[in-house]
Amino acid sequence: YNSQNIAVNIKINGEAEVVPLTPSGYIETATINMTFFPKQSEKQELLNFRAIPEAELKENSLKFTWKRPEGKIDFRVNADVRITNTIKEIRQKIKFPIEELPEDIVIYTKPSETIDSNNENIIRIASEIVKGEDDLYFAVFKIADWTKNNINYNLSTLTAEVSQKASWVLQTRIGVCDELTSLFTALLRAVGIPARFVSGISYTDSSLFPENWGAHGWAEVYFPEHGWVPFDVTYGEFGWIDPTHIKFKESVDPDEPSTYYNWLGRNADLKTRKLDIKTTLIDKTGYIKVPLNLEASTLKKAVGFDSYNLLKMTVENLNDFYYATELSLSKPKEVKIIGDEVKSILLLPKEKKKVFWILKLDN
């Protein structure tokens with residue numbers, strides 16, 4: 001997570017099968033347009049890229065074509081990608097609400113199929129969260145923090161298989177990364193802040209998942225004069241993402257298909273299967289130190305059993321730009337934290353803030 005650069009190998013395998021519906025059924029031509037694969041970007045460099053069979057790269061889409069295919073057809077992408085750990089540095093306050101946007105950005109303020117930002121409950125909650133705020137970074141941070149702390153990450157079948165609407169997530173208060181990101185994006189759009197859905201892969205060491213690398217969704221928020229800034233509410237990374245996030249696709253709505261299948265024939269069907277993605281770490285270099293100075297002290301040097309103490313953390317932003325992070329305590333099992341164990345904090349350039357935890361020793 002703290003590496004300056006990481007390099008990974010990504011293998012994407014896809015498969016389809018020609019199924020004649022009658023003895024004379026056939027497919028004359030079949031095309032598969034795939035949009036879900038790693039691309040060159042500001043933070044990502046494609047070291048090697050190969051599509052098998054050869055594919056035409058057109059407008060962020062790989063087009064595979066077969067003439068008179070029979071039986072199973074497969075297609076593969078093999079890519080080596082290097083990701084550089086960088087952060088978008090915003091040094092000055094950007095006014096909120098946003099008064100003017102480029103024409104091509106306006107679409108990211110509108111409701112879409114899954115991101116139903118015109119829902120009255122979403123509008124009400126978003127307006128309450130940012131009420132009285134005139135700094136865009138703080139408005140986005142408050143919405144990200146609210147989403148992370150009010151929606152429970154839940155791998156139920158309702159959320160794992162199909163992306164649910166943002167209004168459903170707000171009502172049920174559960175979701176996976178796609179749902180958390182959809183709600184976060186909807187809340188932003190509801191108050192006129194442009195945001196888009198990003199899909200790709202990332203690394204986790206959570207015991208919830210059988211493999212460390214897997215599909216993941218997060219958001220990018222548009223900041224005037226600075227461009228798109230990443231926010232991952234699932235990981236608690238607000239205004240930056242760690243280098244294990246590898247972007248494949250950006251879209252207005254998460255429900256946009258990642259692969260389009262087209263075929264022309266007679267009395268035949270093309271049966272499709274999910275993409276299989278394998279990621280392997282090749283290399284990691286350098287180290288990025290968290291750019292904060294932390295000083296901790298307790299109100300009392302010692303307390304008795306069944307007693308309380310107060311821990312004060314002074315956090316100093318060493319940067320000349322906005323920086324947000326999460327703070328948490330490591331503690332022995334005999335100590336209980338009263339209130340929130342994890343605290344999100346946003347610091348202005350060179351700002352110092354104090355954060356407090358109430359601790360209780362057991363009896």
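Residues are numbered from 1 along each chain as its sequence is written, and side-chain values use heavy atoms, with hydrogens and water left out. Because the model is predicted, local features need pLDDT of at least 70 and side-chain atom pairs count only at pLDDT 80 or more, whereas totals for chains, interfaces and linings use all residues.

A search of the whole structure returned 18 aromatic pairs, a pair being two rings of Phe, Tyr or Trp (its six-membered ring) with centres within 6.5 Å, classed as stacked if the planes are under 30 degrees apart, edge-to-face if over 60 and tilted for the rest. Among them, Tyr1 and Tyr203 are edge-to-face, because their planes stand at 70° with the ring centres 6.1 Å apart. Tyr1 belongs to the segment before strand 1 (5-20) and Tyr203 to strand 9 (residues 195-203), so this pair ties together parts that are 202 residues apart in sequence; helices (H or I, at least four residues) and strands (E, at least two) are DSSP runs, numbered from the N terminus. Tyr1 is partly exposed at 42% relative accessibility, and Tyr203 is partly exposed at 25%, where buried means under 20% relative accessible area, exposed over 50% and partly exposed in between (1.4 Å probe, protein chains only). The rings of Tyr222 and Trp228 are also edge-to-face, with centres 5.4 Å apart and planes at 65°, and both of these residues are buried.

Lys39 lies over the face of Phe37 at 4.1 Å from the ring centre, and the charged end of Arg68 is placed over the ring of Tyr26, 4.0 Å from its centre.

The backbone nitrogen of Asp135 in turn lies 3.1 Å from a polar side-chain atom of Glu133, a residue of the loop between helix 1 (120-129) and helix 2. Glu133 is buried at 14% relative accessibility and, with residues up to four places away in sequence not counted, touches Phe96, Phe138, Ala139 and Lys142, contact meaning heavy atoms within 4.5 Å.

Glu326, in strand 19 (residues 323-328), is partly exposed with a relative accessible area of 25%. Its side chain makes a polar contact of 3.4 Å with that of Lys148, such a contact being a pair of N or O atoms within 3.5 Å in which, within protein, one must be able to donate a hydrogen and the other to accept it, and residues adjacent in sequence count only if both atoms are side-chain atoms. Glu326 and Tyr235 are 91 residues apart in sequence and 9.6 Å apart in space, C-alpha to C-alpha, and Tyr235 is one of the residues that Glu326 touches. Asn152, in strand 7 (residues 152-153), is exposed at 52% relative accessibility and, leaving aside neighbours within four places in sequence, is in contact with Arg173, Ile174 and Gly175.

Conventions:
A charge sits over a ring if NZ of Lys or CZ of Arg is within 6 Å of the ring centre and within 35 degrees of the ring normal.
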